[in-house]
Amino acid sequence: MTEELKVLEEQQVDGTLIGALETYRNKYPVEEAVSKRIVKPAVPFYGREVLEMGIAALLKGENLLLTGAKATGKNVLAENLAWFFGRPSYNVSFHVNTGSAELIGTDTFRDNEVTLRKGSIYRCAEYGGFGILDEINMAKNDAVSVLHATLDYRRSIDVPGYNKIELHPAARFIGTMNYGYAGTKELNEALVSRFLVIDMPSQSEETLSYILERLYPEMKERAKKQWIGLFLDLQLKAEYGEISTKALDLRGMTGAIGTIKQGLKPALAAGMGITNKCFDVFEKEIVHDVVMTRIPEEWTIGDVF
């Protein structure tokens, strides 16, 4: 059994799903040209039920839409699913200027002739990749129109001026979205109907413990509990509207712990990874007070590792 499938077995994912996933991987080998796009995620995802929902949907040929608050692990789950399925991944970060040219491709001049410079969605369709559509609710109409035919039963892309291409049978798309970010909008029903939706749960002590154990196995138990408690405290304050979600940054927290391992004082690391993410003075003071109750000023590297 491969490393990826062993990770699922450790999390007690349903054996039938693991067997079907192994069959899928054997059925659709990856071309050498894109094998480097199969990347083991830096951060593991923990959550048996969510993994089972995601794997079952993708095995059935559906596309996934991951919704939820910040720091619930939407992108981490998308990256882990691509790795579990053994597929090359193509990331598209939507913004207000993302158009069909970035997704399908655009004309370019090469070897004295006009050719198509293929976009991410085109390559995903060609090689059977997993397209990770980040912040899909920022996509403008031009980009959404490309996605409609790609994501529904037609599974095809009509490239203007070129041939119509059919999606590789292994190709899947995983969209992620946050509510309330600047520039976002409601997704129309036609687009949502092309996805199965997973509403991502908030982080818990169990999920955070799993992540830190995998990233920093040598971390001291007392320190690990304090960092987990810090994240949960901030998460609670964000849920009650006492602070924004700026300081609620799992990447920032794990990055800060990494700088401690490198030799930085814990209080300074927490400042860089958490406190300094806030730019409002009042909010920054609240976050600083929460940080100091969990990560004392006098702590040294030896208190964490």
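Reply: The buried residues of helix 10 (residues 221-239) are covered by elements that include helix 9 (205-215), helix 11 (250-262), helix 12 (266-273), helix 13 (281-294) and helix 14 (301-304). This is a predicted model. Helix 10 itself has 19 residues and reaches 27 Å from its first C-alpha to its last, close to the 27 Å expected at 1.5 Å a residue. Just after helix 10, Gly 241 takes a positive phi of about 80°.

The buried residues of helix 10 are Ala 223, Lys 224, Trp 227, Ile 228, Gly 229, Leu 230, Phe 231, Leu 234, Gln 235 and Ala 238. In general, an α-helix has 3.6 residues a turn, so residues three or four places apart point the same way.

On the core: the largest nonpolar core holds 32 residues, and Trp 227 and Ile 274 touch the most other members. At least two residues of this core come from each of helix 9, helix 10, helix 11, helix 12 and helix 13. Helix 10 gives the largest share, seven residues. Ile 274, leaving aside its neighbours within four places in sequence, is in contact with Trp 227, Leu 230 and Leu 234, and also with Ala 247, Met 253, Val 287 and Val 291. Of these, Trp 227, Leu 230 and Leu 234 are among the buried residues of helix 10. A second, separate core has 31 residues, including Val 7, Ala 78, Phe 84 and Ala 170.

As for cysteines, a search of the whole structure finds zero disulfides. Cys 124 is buried, with a relative accessible area of 0%, and Cys 278 is buried at 1%.

Notes: Residues numbered from 1 in each chain as written. Predicted model: local features only at pLDDT ≥ 70, side-chain atom pairs only at ≥ 80, totals over all residues. Heavy atoms only, no water. Helix = DSSP H or I, 4+ residues; strand = E, 2+ residues; numbered from the N terminus. Expected span 1.5 Å × (residues − 1). Buried < 20%, exposed > 50% of the residue type's maximum accessible area, 1.4 Å probe, protein only. Contact = heavy atoms within 4.5 Å. Disulfide = S-S within 2.5 Å. Core = buried A, V, L, I, M, F, W, Y, C linked by side-chain atoms within 4.5 Å.
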